[in-house]
Amino acid sequence: MLDVRKAKQPITRAMKTNIKVLLVVGVALWSAACMAQQNSVLLAGANNEEVAEKVEYQDTPIDVVLNDLATQAGLNIHIDAKILETIYGPDRKPLRTVNIKWRNLTARQALVAVLDNYGYVAIPDPNTKVVRITIKDAAVQEPLTLKMVKLEYINATNMVNLIKPTLSSRSQIQADLRGNKLIMLVTETEYAQVSNIIARVDTAVPQILIEAQFIETAKNPKSIKGIDWTGTLEAQNFTFGNGWTKGSTTTTVPGTPAAGSSPSLPSGAPGAGAVSTPAYTASTVMGTVFGRENALDTLSGGLSVDTVRGFYPHAAFLSADGVKAVLSFLNTENDTKFIAQPRAVAMDGTPVELSSIRNVPVFEEEQGNVQGGIQQASTVKPRYDLMVRDAATQRETILNEVGIKLLVTPRQVGKSDIHMDLRPEVSAVEGVERKLLGGRVNESPIFRRQKLNTVATVPSGNTLVLGGLVTDEISKAYNKVPVLGDMPGLGLLFRKDSKSRSRRNMLIFVTPSLVTDGDFQPTPSDFLKTKPQVPPDLDEPAWDTGAPASKYRPLF
């Protein structure tokens with residue numbers, strides 16, 4: 001029995017197809033044979049029919065059901081004899097009956113459903129307006145139809161990547177990036193599957209507000225008390241004497257001529273001597289230099305002992321570098337507090353970075369070119385983008401960026417919970433490293449980095465606290481003169497005690513919140529309806545402008 005009454009809700013409209021955008025392959029595949037195997041052609045005009053609240057048949061022969069539904073749909077049908085032979089037996093008892101109980105369908109929709117369920121096909125004759133019902137040929141493939149779907153939220157290219165693996169080899173799908181549409185050449189069965197995928201995937205993506213608060217505290221107390229005798233008792237140079245004895249020998253080639261001697265005459269008068277020139281003449285001079293001869297002299301303070309002069313010089317002194325001591329009696333303490341409160345709205349599953357950083361330049365020297373055999377001067381350039389790859393995450397980060405970073409990837413799970421992938425990082429310049437390379441002192445900054453990778457799920461609007469980025473360095477140093485520094489009371493004059501502490505603590509508060517439509521407030525604007533206001537030209541006097549004075553521009 002087909003009960004036709006006005007349904008409470010109108011039937012869902014079929015998706016419109018834009019014929020202006022065609023696929024050439026789709027036009028070629030439209031053939032009469034394919035059209036004959038498609039029962040959906042009967043749905044043309046179904047939108048104008050009334051929806052039946054009940055479509056019920058109980059043990060009713062199938063030919064009766066087909067004729068009844070065709071009458072309600074206003075169609076003239078002819079059932080093939082091949083079907084009638086399989087419906088009734090020799091005793092005229094029905095062999096195939098229909099048992100259905102449907103709701104909110106039109107007669108045409110119910111007729112198409114019955115035909116598809118029992119393997120029948122409707123072939124309309126445009127000349128006689130009679131629809132022939134026959135058995136569907138299993139060898140004939142379902143025809144391809146051209147469909148176009150407008151996507152609301154998801155990107156068309158991403159949707160193509162999701163749908164394409166579910167289609168047959170002869171079906172095609174393309175993305176229209178300009179209008180964010182899908183153009184498909186698919187069967188009706190595939191289109192039903194694709195429509196189901198689109199309905200589930202093409203939905204509004206939640207937006208999540210990420211509120212972060214960075215709190216960093218640093219405390220550096222330092223205390224130095226006592227007397228430091230390092231300058232006196234460490235690497236002290238002692239010398240005995242007041243001079244440095246040294247000698248020099250001068251050799252002359254050939255030697256200095258000298259007169260020889262001969263025996264005396266019998267009368268006692270001296271004989272005549274002959275003049276001779278030796279091969280060389282050598283003379284040695286020795287002396288003592290007092291103090292240091294020059295800045296590189298390390299042998300000052302020597303003594304001279306020889307057979308001619310004996311102990312020379314006759315006076316000697318004991319010398320030392322001198323007495324030095326440093327008195328320290330001071331306490332210092334530095335307290336630092338840093339607070340940053342960045343906020344950002346991110347799409348579900350989209351990473352967002354919250355950071356408060358500064359770039360530290362790293363200078364690089366570039367050798368000059370050789371021109372005409374002359375080496376040109378080198379140039380030094382600052383670099384602000386030195387990249388380094390994290391071995392654990394394979395992410396590249398800028399090395400010389402220091403400060404605070406927080407990379408968050410939020411994702412809604414359940415109704416109101418938010419799953420977050422958190423990657424905080426705290427970095428600073430620790431100091432400067434100096435290396436002697438190629439005879440030159442090269443400097444490079446030392447960077448200190450603290451990282452924490454974690455995942456957590458918190459309810460919307462609740463706060464997650466990340467801690468543990470704590471550094472605490474305690475240093476103690478003692479300096480004393482042995483024995484004297486251990487004496488009670490008096491030992492305070494011969495020792496120095498220093499202690500320091502460097503403590504840093506970083507706390508990160510992250511509050512994710514789901515953004516709803518009520519969180520946005522429209523701002524009325526009539527910008528597009530108003531003309532731009534052009535300020536009038538002001539004739540400033542020549543006194544206030546660079547233009548010269550004229551009859552049109554007074555001086556004052």
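**View 1. The buried side of helix H6, residues 156-163.** Ala-156, Met-159, Val-160 and Ile-163 of H6 are buried (under 20% relative accessible area with a 1.4 Å probe, protein chains only; exposed is over 50%, partly exposed in between). They lie on the same side of H6, because they cover an arc of only 105 degrees around the axis, taken from the directions from the helix axis to the C-beta atoms. Their cover includes strands S8 (172-176) and S9 (181-186) and helix H7 (188-201). Helices (H or I, at least four residues) and strands (E, at least two) are DSSP runs, numbered from the N terminus. The model is predicted: local features need pLDDT of at least 70 and side-chain atom pairs pLDDT 80 or more, while totals for chains, interfaces and linings use all residues. Residues are numbered from 1 along each chain, and side-chain values use heavy atoms, without hydrogens and water.

**View 2. Ser-513 in strand S33, residues 495-515.** Ser-513 has a relative accessible area of 17% and is therefore buried. Among the residues that Ser-513 touches are Gln-207, Ile-208, Ile-418 and Ser-460 (heavy atoms within 4.5 Å).

**View 3. The stacked pair of Trp-229 and Phe-494.** The whole structure holds 2 aromatic pairs (ring centres of Phe, Tyr or Trp, its six-membered ring, within 6.5 Å; planes under 30 degrees apart are stacked, over 60 edge-to-face, the rest tilted). The rings of Trp-229 and Phe-494 have centres 5.7 Å apart and planes at 20 degrees, so they are stacked. The two residues are 265 residues apart. Trp-229 is partly exposed, at 22% relative accessibility.

**View 4. The tilted pair of Trp-543 and Phe-556.** The centres are 5.2 Å apart, with 35 degrees between the planes. Both Trp-543 and Phe-556 are exposed.

How values were computed:
Lists of a residue's contacts leave out its neighbours within four places in sequence.
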